[in-house]
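Morning, everyone. Please have the model open on your screens. I'll talk about helix packing, then a salt bridge and a surface patch.

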Amino acid sequence: MIRLQHVSKMYETGNRAVRDISLDIKDGEFVFISGKSGSGKSTLFKLITRELLPTEGSIEVNGSDLLTMRRRDIPRYRRTLGVIFQDFRLLNDRNVFENIAFAQRVIGASPREIRENVPKMLQLTGLSSKYKYLPKQLSGGEQQRVAIARALVNSPSVILADEPTGNLDEANSREIMGLLEDINKRGTTVIVITHSREIIQQMKKRVIMMDKGHIISDQQPEARDPEQGIRPMPVRDGGERQEHRSRRSRGREA
Amino acid sequence: MKLNTFFYCTKQGLKNIGRNILFSMASIATVAACIFLFCLFFAIISNVQHIVTEAETTVGITVFFNEDAGEAEKKAIYEAIEAQGGIKEIRYTSAEEAWESFKDEYFGDKSEELAEAFADDNPLASSDNYEIFLNDIENQQSMVEYIRTLPGVREVNYANALVSALKGINRVIYILSAVIITVLFAVSIFLISNTISVAAAFRKRENEIMKLIGATNFMIRAPFVVEGVMIGFFGALIPLTAMYFIYRRATTFLLTQVLAAGTTVSVSNLFQLIPIREIFPQMVIVGLILGVGMGFVVSFFTIRKHLKV
């Protein structure tokens, strides 16, 4: 269970990225978080991963209060999350197997656990035949599948995906979303931040819309008009998306 | 810490060294130069100190008595000196022993022939004396001054010039080495810190991923600390190996030179270097603590600064 109550986040620059957000995400739910650039989606992502602390309000994930959590407990908390990014964030000097095993190694898993778990993830993501490939030898969709396998290998209870299809074509995007849906069916909570209206409409899942730091709608699929889909969003071209990406990466660098 | 975590961190640390080999080599070379000079000065200072100690034990204060001084007066002098404290040993040398010692030292193998002329007339008849050895050579001057005030004392001899010279040399070496080593330490710290910073920049992406998938601070920092420790270790190992061979040769060379110069046995003993089996274990301990310690501390604080995990 993820519970945010009256959460606000103001950066040191004075920018108020998230304003008085309250929401509940139940265990095993599949939720989309959508909105324009600068709507506060990425800040929300970072608040849940405990990269940022809210200025006001409280965040509780699986019974842990992120505000009062001690620094030394953060790594243990993060092991209950699996994070996926638009730019995959794979280690380019290591092959597929090593990229997935990396997530296990850094939490001190034994070689036996690695030998058992990594092949399972390779099978789940359909990469068994490519375990020796380096990331640059794979397509975008395959690279994202490696990132998903890496996120899953430590058996997290929540998967957080930030624009997982942002760098992929339509076919690969569908494939990745199908994979995330399969993972969700196994009981893992999945939270996907996305711009793609097509994907949101196809998936028929709960959608939280954000704008200027506020939640402007939170709709279950059955509540949406099947003809209209979700509330129309401004049409975005490639340039706008690129601008959004670079702003996010600047934020991370800062 | 689990064994596989230890191996993982060690492997990653070694990989870091390989990734920026030039920086690592520069750091190792500077640490090596620093520890080599440290060991060199350590050896010189230890040996000068050793010579001073030898001088303290072999060259004492010699107290000669007035010709008319009786046994009671000599005993009173003995007790007065002993009462001052800080005395290692007071040795009485009779006139006969002094004459025998003189004959051995100056007449050598022909002592009996040359001494025959003196027959029963001991030329050192009134040279019985106390030889006094102090615990701390620093007190020598004040002790000499005190003894001169005692009744029945004719003359006081002591090796003031030698000890002062040795102490002076030691002080100069000490200051010189402190300055050079401080500069080299500063350069070493700067270079190790730079190497670790470069490694941190290389692994920025990896560290970000590690952070997000739940790696502990220890797990993220450990490879960098391993890298620093390895730089320090190799930086110490190289000069220690070099020092072992150099010191061994120097010991033999100096002894050969001193003996070839025809000095007496007591003087040659004075200028013998500390045996390598005594000094080298100390050098190894100090060198490794310095190298590994410096690598550990510098890398630990550098990576703390770079990785806000």
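H5(A) and H6(A) are roughly parallel to each other, because their axes cross at roughly 15 degrees and angles under 35 degrees count as roughly parallel. Keep in mind that this is a predicted model. H6(A) covers residues 170-185 of chain A. The two axes come within 10 Å. The crossing of this pair is right-handed. Which residues make the contact between H5(A) and H6(A)? From H5(A), take Gly141(A), Gln144(A), Arg145(A), Ile148(A) and Leu152(A). From H6(A), take Asn172(A), Glu175(A), Ile176(A), Leu179(A), Leu180(A) and Ile183(A).

Stay on H5(A), residues 140-152. H5(A) also packs with H3(A), which is residues 96-105 of chain A. Here the angle is about 30 degrees, and the axes are 7 Å apart. That angle makes H3(A) roughly parallel to H5(A). H3(A) passes H5(A) in a right-handed crossing. On the H3(A) side, the contact uses Val96(A), Asn99(A), Ile100(A) and Ala103(A). On the H5(A) side, look for Val146(A), Ala149(A) and Arg150(A).

Now the other partner of H3(A). Helix H4 of chain A, residues 111-124, packs with H3(A) at an angle of about 125 degrees. Their axes are 10 Å apart. H3(A) and H4(A) are therefore oblique to each other. Again, the crossing is right-handed. Residues of H3(A) that meet H4(A) include Val96(A), Phe97(A) and Ile100(A). Among those in H4(A) are Ile114(A), Val118(A), Met121(A) and Leu122(A). Note Val96(A) and Ile100(A). Both are in the contact with H5(A), and both are in the contact with H4(A).

Next, charges. How many salt bridges are there over all chains? The count comes to 23. One to click on is Glu29(A) with Arg206(A), at 3.0 Å from N to O. This pair links distant parts of the chain, 177 residues apart. Glu29(A) sits in the loop between strand E2 (16-25) and strand E3 (30-35) of chain A. Arg206(A) is in strand E9, residues 206-211.

Last stop, chain B. What makes up the nonpolar surface patch there? Tyr174(B), Ile175(B), Val179(B), Val183(B) and Val187(B) do, over about 480 Å².

How values were computed. Residues are numbered from 1 along each chain as its sequence is written. Chains are lettered from A and ligands numbered from 1 in the order in which they are written. This is a predicted model: local features need pLDDT of at least 70, side-chain atom pairs count only at pLDDT 80 or more; totals for chains, interfaces and linings use all residues. Side-chain values use heavy atoms; hydrogens and water are left out. Patches are made of residues with over 30% relative accessible area and no salt bridge: like charges are joined within 9 Å, nonpolar side chains (Val, Leu, Ile, Met, Phe, Trp, Tyr) within 5 Å. Accessible areas come from the Shrake-Rupley method with a 1.4 Å probe; for residues, only the protein chains shown count as cover. A salt bridge is a side-chain nitrogen of Lys or Arg within 4 Å of a carboxyl oxygen of Asp or Glu. Axes are lines fitted to C-alpha atoms, for helices over the stretch in contact, and angles run from 0 to 180 degrees between N-to-C directions. Helices (H or I, at least four residues) and strands (E, at least two) are DSSP runs, numbered from the N terminus. Angles under 35 degrees count as roughly parallel, over 145 as roughly antiparallel, 65 to 115 as roughly perpendicular and the rest as oblique. A crossing is left-handed if the near helix is turned anticlockwise from the far one by less than a right angle, and right-handed if clockwise. Contact means heavy atoms within 4.5 Å.
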